[in-house]
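Hello,

Here is the structure I promised to pass on to you.

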2 protein chains.
Amino acid sequence: MKIAVDAMGSDAYPHPDVEGSVLAAREYGVEIVLVGNREVVEPELAKHQAASLPISVFHASQIIEMNEHPAAAVRSKRDASMVVAMQMLKRGEVDAFVSAGNSGGCLASAIFYLGRIKGVERPALSSIFPTRSGHCFLLDIGANTDCKPLYLQQFAIMGSVYAERALGVAKPRVAIVSNGEEEDKGSILVQETVPLLKTSGLNFVGNVEGKDIPAGLADVIVTDGFTGNVIVKLSEGAAKLILGIIKEEIKARPLATVGAALAKGAFAQVAKRLDYREYGGGILLGVDGVVIVGHGRSDAVAIKNAIGVARKAVDSNVLPAIRESIAAHLTTPTQE
Amino acid sequence: MKIAVDAMGSDAYPHPDVEGSVLAAREYGVEIVLVGNREVVEPELAKHQAASLPISVFHASQIIEMNEHPAAAVRSKRDASMVVAMQMLKRGEVDAFVSAGNSGGCLASAIFYLGRIKGVERPALSSIFPTRSGHCFLLDIGANTDCKPLYLQQFAIMGSVYAERALGVAKPRVAIVSNGEEEDKGSILVQETVPLLKTSGLNFVGNVEGKDIPAGLADVIVTDGFTGNVIVKLSEGAAKLILGIIKEEIKARPLATVGAALAKGAFAQVAKRLDYREYGGGILLGVDGVVIVGHGRSDAVAIKNAIGVARKAVDSNVLPAIRESIAAHLTTPTQE
């Protein structure tokens, strides 16, 4: 298996991107193509004892920065690392692409160069989300700010296939985010989507409220990209708030400070369980290729894990399975 | 000052509602009218040494339960505690009303019996939300699932008046929830609302992402009732998840368990800072009366604090100030 990695992706590129690739090549035995400016990437790669590893560098002279307008940047920067990598993926030279760069840029270049899977209305960005019992799969987290019911239905179909294949969840429980568990609650969008979810042949378990998401009441949770983005970022912010308050209150008390030192191992494990880096990145579902979008703040471990996510998606044949499910759904019209 | 309290409001009524009222009468010196079934409320009140306190009972034979359809229940149960209390408030027999009951029922009965403030399109439910530096004021958290830009503009105007008067924030920083800080981000609703917020004479500081809310980047945060509901409930769920994981990891380690015992005081203070009960309840803004809606899971302390919120709203003349601001805004059309 050969995976292209955006060497100029993360906020601190190329260091985490290159180191993460080295770790992944070593741990997973996958072949890596680092896509980026050769003059920057090669010296970075030389810092690691990676000569025996299956890592090559593919030159791309430009970078799409985090603050650039995605579509405009993708159009004007034909030699940007993510644009070049998407074309390699399209040509079949690699099996997947991993980038911690501008997520809008990834989305735009994936749509432009890979195209959508036949029948898919809108691709969705996704995230693995920690819960009490493990994790859940949330989409869309930002690709489509305003959605139609059909988009959400397709997110549910694609998410269910992904959870079953790549995350190993049998008969994934699919839910939609709402402002109440009751069926008569929900925005117009939610109320119009629920009937579609009920008749999609999915294991649809109904509406979930905000509090049900971390509680782990569902395996696949669909929502529009606006709400999904608020959910992901608020969770990040809430964790930071809570851990910050804990630190503050402990620091204010000498005895508690001693206590916290004794509980250091427990806190490290808590941080690990809540850490986005454990999940590495979210798959971009609906485009015709395996693309994993990582967090801009990714470090080497996060990049390595994102490459692991890509590997799992390729290994489990997620893409052909999604193609089939969407095609089957198009030929079997929803019964209402 | 005389405050009506729904004696049949909380999930565990009448115990927390009555005890909270006793605590409030004692601590704040306010007069309380407990509205509810006399046969239930009077024996409950008798359990407290409250004979010398200014607490009376006003009979209402019916209850709107948590699972009832709000509008239908308000229409059919004319002698429900919250319906009776709203009418007392309308007649000017009390200065404010506090209920931890069915929030949809409170909203429906407030709109029906108190009416909206002149010019207000839609009333909004609100919540005080803990942040790194203190708290912020969030609305709408569920009254209006689908919103129009004008609603959000009015939420911002009312929220700003409330924060300034009742929460003592000078020149409150007003923000709107979006899926990115950049001005070109946001749903259609957000993009159409931003120009209205810019020209409303508010201290509008722009778009905030999910992570900026707990970070305390704004004092008044407006959003539609769907997103606001998800924010409030997800925060609750995230806190529960994180504190649950911490407990789990500490319990798994004997040394950490000793450490946590030493840090007990710190954890108690953390819980207090994150506890919704500290804020008691959120004001229902836009109806022509001071109505505070508490959490169904309120205990006596939460009820007492909700009564405190009502007292502050009355004391600081929030209602006439909102009437004025809305009226001023209606006569000064938005410059665009």
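Predicted model: local features only at pLDDT ≥ 70, side-chain atom pairs only at ≥ 80, totals over all residues.

Residues are numbered from 1 along each chain as its sequence is written, and chains are lettered from A and ligands numbered from 1 in the order in which they are written.

Chain A holds an open sheet of eleven strands with mixed pairing, in the order 3-2-1-4-11-10-5-6-9-7-8. (Strands are DSSP runs of E with at least two residues, helices are runs of H or I with at least four, and both are numbered from the N terminus; two strands pair if DSSP finds at least two bridges between them.) Strand 3 (55-59) and strand 8 (203-208) of chain A each have a single partner strand, so one side of each has no neighbour in the sheet.

Strand 4 (residues 96-99) and strand 11 (residues 290-294) of chain A run parallel, joined by four bridges. Within this pair, A:F97 stands opposite A:V291.

Now to the two chains: 54 residues of chain A are in contact with 54 residues of chain B (contact means C-beta atoms, placed from the backbone, within 7 Å). On the chain A side, helix 9 of chain A gives the largest share, 22 residues.

Enjoy exploring!
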